[in-house]
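Let's take a friendly walk through a structure, one piece at a time. Keep the 3D view open as you read.

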Amino acid sequence: MTFTRSTTCMFILLSALGPRLLQAQAVTAEGIVERVNRVMSPASIYCRAKMTITTTSGETRTFVYDSWSKNHGEKNLIRYLEPVRSRDQATLMLNHADDIWMYFPRTGRVRKLATHARRQKMEGSDFSYEDMGSGDTFVDDFTPAIVREETMRDSLCWLIELTRKPDADISYSRCLMWVTKGSYVPLVIDYYPENDPQTAEKRLIQKRITLVSTYPTAMEMVMRNLGDNTETVMEILDISYDLDLPDSMFTERELKR
Amino acid sequence: MRETFLKKIADLHIRRTGFMLAAIVLITLFFAAMASRLTVTMRWSDLLPANDKRTVEFNRIIDEFNTATSFTVVVQGPTTTIKRFADELAPALLQARVENGGDTVSVLSRVDYRAETGFLRDHGLMLVKEKDLADAEEIYTDPRLTSLLANINGSLEKVYVGRSESISTREKEDQAVTMLDGISTLIAALDSASSGVRPTPAAARTAVDGLLFGDPYLISYDKSTLILNAIPTFPATEIGLVMAGTEALQAVLDEQLAAYPGVRAGLTGMMPISHDEMVYSEQSLGYTSLIAFVAILILLIVTLRMWVAPVFAMGNLLIGIIWAVGITALAVGQLNIMTQMMMVILLGLGIDFSIHIISGFTERRAAGDSITAALEDTLQKSGKGVITGGLTTAFAFLTMVISSSRGMKEMGLVTGLGLLAVLCSTFLVLPAFLVLRERRRDSRRGGGTGNQDISFRFLGSAGLFLASRKWLSLSAAVLLTLLMAWQASRIGFDQNYMNIEPAGLTSITLQDTVLAKFDLSMDYALISAGSVEESRQLSGACRDLGSVAMTEDISIYLPSPGQQEKRRPCLRRIRRAMEAAPLPARFTDRDLPALTGEIERLEMNIMEMQDMAFNGGQDKVERACRTLVGTPLAGTPPNRIAALIETLNGKRRTAAAGIDAFQGAFSPLFKTSVLRMANTAPLVLADLPVSILDRYSNEDRSRFLITVFPSGSIWQDASFLHRFADDLERVSPRATGMPPVFRALIEVIGKDGQRAMMLTLGIVFLLLLADFRNIRHAIMAIIPLAAGVVWMVGLMKLTGQQFTVLNVMGLPMILGIGIDDGVHVVHRWVSEGKADIFRVFASTGKAILLTTLTTMLAFGSLIFSIWRGFGQLGAALFVGVGACFLTTVLFLAAFMGFAGNRR
C-alpha cells in the first residue's frame, strides 16, 4: 500500500524537470529520455496527495496522505491522514524501496516487509513499482527511439518508443511515451507487457500540468489498467520542492511518531 | 397476366364461394397440424451461423458436458439454516423424476454442494502449490494448540503481513479468506471450550477441517448464500426435458421452502433460464399479440365505421398466420429468439393487405357498384398494389436469407414466407367473406349497396395543400431529413446484453445474486481440452490474462507428475515433523499465558492484515478479518479474539479445563488428518472422485472442460467484452460460452444488417421497376422510404433509443415494410391518371394511414414484452413505420405538385 502512495512523489518529480536546463541540449531520443529521467530524482519533495482506488467489490475508496522524499528518491516516508481507518499508518522506504517498514498504530507495531515486490501490482492501485520508473530505469533498462512528433492533448510531443534492453530486469517489453516539447513532461506513457508487445497493458495519463516553483508538475495522474479495466487516480493537493529534510525523519523510530 | 389472374380469383369467389371456403378449411387444418410440431430455442448461440466455430463448440460442450449446463440452486438465509436446508434439499432433488417417451426418468444424476472432503482428506496437501506449501509448511508440523497457534502466527507474519502482494490477486485473496475462515472456526471452538461448554468430537472435526481445507459447503464470502449444483441426466439440447425437469425441481424446492420460512431459494443456470425465458416469452408474446389484435380490431371498427369487415379482416389474418406458422414448421422446424416475434410482425404487416382490399371494396360498393363489379374493380385496382407491396415486403425479408447469422437468416425466411402466406389468404379467403356478407346484406335490404363513403377527406385536403405548396413541402421534407440524418449519425450501439434480456425473471435476478455474493459472473467462457495436460496448460494461460479473474478445471485436482515430484519433499518434511510431534500432555492454567500470548499475537497479526487489506482494497479479506477482530470504528462487529482472551484471563480454571478437553479431541485428529493429507503417493486421474471427474470431463474422460471467469463486467463496458473475447481467442480458438458468442453475434449481425440493407434496397428498387415499368415512378416510390429510414434512426436517437443486436434488425425490416406506403400511393396516383391528388390521399392515403397505425400498434405492443430486446425492436419499428408514412405524404405530395397535374 505504502509503495502506492509513494509513487505520487515519483510522478510529481517525473514532471518537474526545469526546462531551462534542457534548452542547450541536442534533441536525440537518448537526450530526451535523459531529461525526462532527471525529473524523477529531485533532491527532496513534500506533497499531500489524494488517491482513489477501486476495491475488489467495485467500490471506490479515497485516501489522503503526506509524503516526503529525500536524496533523489532514495528515502521516502508516507503518512496517512484519511480515512479515519487508516489515519497515522505510515510507511518508510529506504534504498529506493528495497527496504520497507510499515507502522500500524492499532497494534503499535512496526513490521518490515520481507519481500521485494517490484513487479507486483501494488495493493489496491493500478501502479506497480516499475511504473514509477524509479531510479534510472528509463535510461538503464530501455533503448529509446523517437518515433515521430505528434500532438497529444493539444500539446506538441515527441513520441518516444522505449524498447527493453536484452538483459534488463524489467517486466515491460516496451513503453511508448508522449513527451511535451516545451517542458519535457511525459503526458502519456503506455506500458506493454512481456508476453504481448503489441497490446498495451496500462496507460499513465498526467493531467493539469502546473508550474510549481520552477517545476512543471502533473497535479493529477491516472493509471489505467487496460487489461483489468480499472483505474487509479492520484491528485496532488499540496506540493513543494527542494526542502531541507533531516535524515532523522527517515527512521523506524520516526515512523511511530 | 396479373389482371387475368385477379379476374379469375374474383370469378372464383363470386361463382364458387362454397368451394373456396371448403378449400380454405382443409388448407388451414393441414397447416395447423404442421404448426403444432414447431419448437422453440432460446439459445443465443443458435443465432450465429450454424458452422460458426463458437456455435459448433458450444453445442458440442453442452452435449458432452452435462455439468456445463447444470441447474444452480441459490439458497439465502442464516448460515446454519441454509446448510441444514441444503442437506435436506440435495437428496430430495435427486428424487425428482419426469416423463420421457413413456418412461419415468430421474432429472438429476448428482447434486454437488459440498467439497469432496474424502478426496481432500487423502490428497489435500498434494494439491497445494509448492510455494504456498513452503509458506504454510510450519502450520502442519505440531498438533498442540499453543504450538499450532505459534505456527499459524509465523505463517501469517511471513505470508500476509510480510508481503504486501500476498493478497493482491483473486486466487490469493480467496486463499487468505479460506485461511481466516479456518482460524475463525478454531477461535469459535476455543471460545466455546474455554467458556465451559464440553467439546464434542464433531466440534473438533469441524475445527480441524476448517483449518485444513475450509468450509466444505459452496457458501458465499459473507456466509449468507449457498449454492447447490444439480447435474442433469440429459443435455441442454433436450428442450422437453429441460422444461419438465426445471418444473419438477422447482416443485421440490417450493415444497421444502414451505418448511423453512426464513430461507429464500430459487433456480438459475442455463437450463432454468432457458425454461423461464421460453415460458415467459410465450406468455409475453401471447399477451402482446392479444394487445395488438384487440387494438387493431378496435382501430379498424372505429375508422371504417363498421364491425363486420374488420372482423373478417382479422379472421383472414388469423388464417394467414396459421398457414404461415405451418410453413415455418416445414421450413425451419424451430423458432429462435428473433423469429419468435413473427406472429406480432405478421399481425402488423398482414392486416395491411386486408385493409386495402376492404377499403377499395367498400368504396366501390358505396359508389353503387354491384358485388361482382366491386370485387373485380377492387382486385384490379387495390389488388395490384397489394400484390406489389406484399411481394416487395416479402422479398425484402427474404433477402435476409443471404445473412450468415442463423438469427437473421431465419428471421428473413420465416417472415418472408409468412407474409406470402398471409398475402395468399388475403386473396383466397377475404374476398369470399366479403362476397358472403354483401349477398346477405343485399338479400336483407332487397338490393342497393347502403355502404357509406369512408374515405378520409382530411387526408385528401392535406395532400392537396402540400402539393399546391410544392417548394415549401419539399424544402421542409429535405430540411427535416437533414436534421434527422444529423441525429442519426450520433446514435450509439448498446452492447450490454443485460439491457435486452427479460426483466424480472428470478433465474436471471439470481445470476446477479451469485455475482454479488460469490464475486463470480455466470457469464463465463468455456474451453474444451483433449487431455489433462492441455487443460492445465490452457487454464494457466487464461489465468495469466488480465481480463481473467480465475479458471476452474481438472488440473486443480490433479497436479502434473512434475508438480507432484516437486511437492513431495515438502510433504515428506511435514510427515516427518508431524510423526515426531508429541501429542499434548494435560493442559493446565499454567499453560494459559503461553496460549493467550499466541492468541494476542494472532489478534495483532489479523488487525495488521486487515489494515493492509483495507488500504489495498481487498474487501473480502478485510471483511473476513472484521468477523474476527471487528474494526477500530464504532458499530462494527465485536472483536471475537479479544473476547476469547478475556474469557481465558477470567475464569482461568474453567478455561484451562475446557481447553484441555478440546485439545484432547482436536490434537490427535489434527495429527492424523495432516498425516493423511500429506500423502506422497502418485495421484492419477483414476484417483479422482466421480463428482470431480464429472464436473470437469466428459463421460468417457477423453475431453476436459475449462471454465474461465472474467475479471470485470463484460456487459458494463463493451471494450472489456472485446478484450476478454480476444484474449481467450488468442489462448484457444475453441473458446466459447456467452462472452465469445455474444461478441461474435454483435459482429455478425452488424455485417449481416449492412449487407441485407444494401441488397434489400436493390431488390425493392428492381421490383418497383418491374411493377411500374417507369424509372421515375420507381424512384418516386423509393425516395420516401430512404428518407423514412433516416427519420427512423434520427427519431430513435431523439427518443433516447440505441441500437442493440435485436433492434438493429429493424433496419432491413423497415425497408421491406416502409416501401408499401409509396407503392400504394404511386399506384393510385398513376391509376387516377396522375390527376386527382385529393382522391389519392383521401382514399389510398386513408388506407396507408390505417395500415401504418395497425403496424405501429402491432410493433408497439412489443414494448409490453418481458423481453426488453423485443420491446426495443418494437419501439424502433413503431417509430420507423410512422416515419415512413410521414415521409411518404410529405415527399409524394410535393412530387405530385411538381408533376403539375393536381386538381
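This is a predicted model: local features need pLDDT of at least 70, side-chain atom pairs count only at pLDDT 80 or more; totals for chains, interfaces and linings use all residues.

## Before we start

## A sheet in chain B

Let's begin with a sheet. In chain B, four strands form an open sheet in the order E5-E6-E2-E7, and their pairing is antiparallel. At the edges sit strand E5 (108-112) and strand E7 (264-268) of chain B, each of which pairs on one side only. From one strand to the next, the twist averages 20°. What holds strands of a sheet together? They pair through backbone hydrogen bonds, either parallel or antiparallel.

Now zoom in on one pair. Strand E2 (residues 71-76) of chain B is joined to E7(B) by five bridges, and the two run antiparallel.

Which strands does helix H10 of chain B lie across? Helix H10 (residues 239-258) lies across E2, strand E6 (225-232) and E7 of chain B, and runs at about 175° to E7(B). Helix H11 (residues 270-304) of chain B also lies across E2, E6 and E7 of chain B, but its angle to E7(B) is about 85°.

## The nonpolar core

Next, look inside. The largest nonpolar core has 342 residues, and B:Val73, B:Leu346, B:Leu347 and B:Leu745 are those with the most contacts inside it. Helix H32 (residues 868-899) of chain B gives this core its largest share, 19 residues. Both domain 1 and domain 2 of chain B supply at least three residues each to the core.

What does B:Val73 touch, apart from its neighbours within four places in sequence? Its contacts are B:Leu89, B:Ile227, B:Leu228, B:Ala230, B:Leu253, B:Ala265 and B:Leu267.

## Domains and the other chain

Stepping back, chain B is divided into domain 1 (2-44 + 289-498 + 742-899) and domain 2 (123-221 + 550-696). The C-alpha centres of these two domains of chain B lie 71 Å apart.

Chain A has four helices and 13 strands. Of its 257 residues, 46% are buried. Among contacts in chain A between residues at least 6 apart in sequence, 51% join residues at least 24 apart.

Conventions: Residues are numbered from 1 along each chain as its sequence is written. Chains are lettered from A and ligands numbered from 1 in the order in which they are written. Domain bounds come from an automatic or database domain assignment. A residue is buried if 20 or more other C-beta atoms lie within 10 Å of its own, exposed if 12 or fewer, and partly exposed in between; C-beta atoms are placed from the backbone. Two residues are in contact if their C-beta atoms, placed from the backbone, lie within 7 Å. Two strands pair if DSSP finds at least two bridges between them. Axes are lines fitted to C-alpha atoms, for helices over the stretch in contact, and angles run from 0 to 180 degrees between N-to-C directions. A nonpolar core is a set of buried Ala, Val, Leu, Ile, Met, Phe, Trp, Tyr and Cys residues joined through C-beta atoms within 7 Å.
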